[in-house]
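Visitor: I am new to reading protein models. Please show me how to go through one, feature by feature.

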Amino acid sequence: MLQVYLVRHGETQWNAERRIQGQSDSPLTEKGEQQAHQVAQRVRNMGITHVIASDLGRTKRTAEIIADACGCEVTLDPRLRELHMGVLERRQLDSLTEEEEGWRQRLVNGTPDGRIPEGESMTDVSERMHAALNACLDLPEGSRPLLVSHGMALGSLVSTILGLPSWAERRLRLRNCSISRVDHQHSPWLASGWVVETAGDVSHLDAPALDELQR
Ligand SMILES: O=C(O)[C@@H](CO)OP(=O)(O)O
C-alpha cells in the first residue's frame, strides 16, 4: 500500500502578517524554519524515499530541511503550488474592500467556479493536486513519498479524497508544518483508491503557528 505524507510549509513572513500569498512568495520566519526542523525530526526515520515540493520558495526551503534529514533530494512539481489568488495576492487580509472580500468569500464558500479576478478556481487547484498525487503511483514499488505544499491546495486535495467539495478545505485545519497522510489501497471490501489516514497532525510542533486565515 502506497503511503504519501503531505506537509504544509513552515510559517512565512506573510502568514504572520496575514498577507495573501497564493503563488506570490515570502520567506519562512525563524519560527517557520524551526517548524521545518521539527517535521524533519519527526519523519527522518519513517523511510521517506522522495521529497516532492511545490516550486515556490517557502515550500522549497521547508522541503530542503526535510530532505536533508531523510537523506533524499528535493524534486519540484509546480502542480503542488498554492491556489492562484489573482489580483488579491500580496494584500493584507484586513485591508480588503467590501467588493474584494466578496470575491474571496465566494471562492471559499463554494460558488461554482468562483475565483478571484485573474486567479484560479478551487476546482482548478484540486484537479492539479490530484494529478500530482496520482503521479506518486508511478514511483518504484516500496517508495514512500512526502509532498510539501500549501494550505488551500492540500485542503482541497484531502477534502475531495473524502468525497467533499474542494471548498470544504475551509473546514480542515492544516496549520503550518502539519502532517497529513493519504494511502492508496486496493480492497475488495473497503473503498479502493485514496483514503485519508491522518489530517493536520501538529503533535511534533512545540508551538503551532496560528494559520493566518484562521485567527
Ligand atoms: O497563500 C496563502 O496565503 C495561504 C492561504 O492559505 O497559503 P500558504 O501559506 O499555505 O501558502
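Visitor: What should I know before starting?

Guide: This is a predicted model, where local features need pLDDT of at least 70, side-chain atom pairs count only at pLDDT 80 or more, and totals for chains, interfaces and linings use all residues. Residues are numbered from 1 along each chain as its sequence is written, and side-chain values use heavy atoms, leaving out hydrogens and water.

Visitor: How many residues surround the ligand?

Guide: A residue counts as near if one of its heavy atoms lies within 4 Å of the molecule. Here 15 residues surround the ligand. The closest are Arg8, Gly22, Arg58, Glu82 and Gly151.

Visitor: How do I describe two packed helices?

Guide: Give the angle between their axes and the distance between the axes. Axes are lines fitted to C-alpha atoms over the stretch in contact, with angles from 0 to 180 degrees between N-to-C directions. Helices are DSSP runs (H or I, at least four residues), and strands are too (E, at least two), numbered from the N terminus. Helix 5 (residues 122–135) and helix 6 (residues 151–161) have axes that come within 9 Å and cross at roughly 80°. That makes the two helices roughly perpendicular, a label for 65 to 115 degrees.

Visitor: Where do the loop residues with positive phi lie?

Guide: Arginine 90 has a positive phi of about 80°, although it is not a glycine. Arginine 90 lies in the loop between strand 3 (74–76) and helix 4 (98–108). Cysteine 177, also not a glycine, has a positive phi of about 65°. Cysteine 177 sits in the loop between helix 6 and strand 5 (179–185).

Methods: Parallel < 35°, antiparallel > 145°, perpendicular 65-115°, else oblique.
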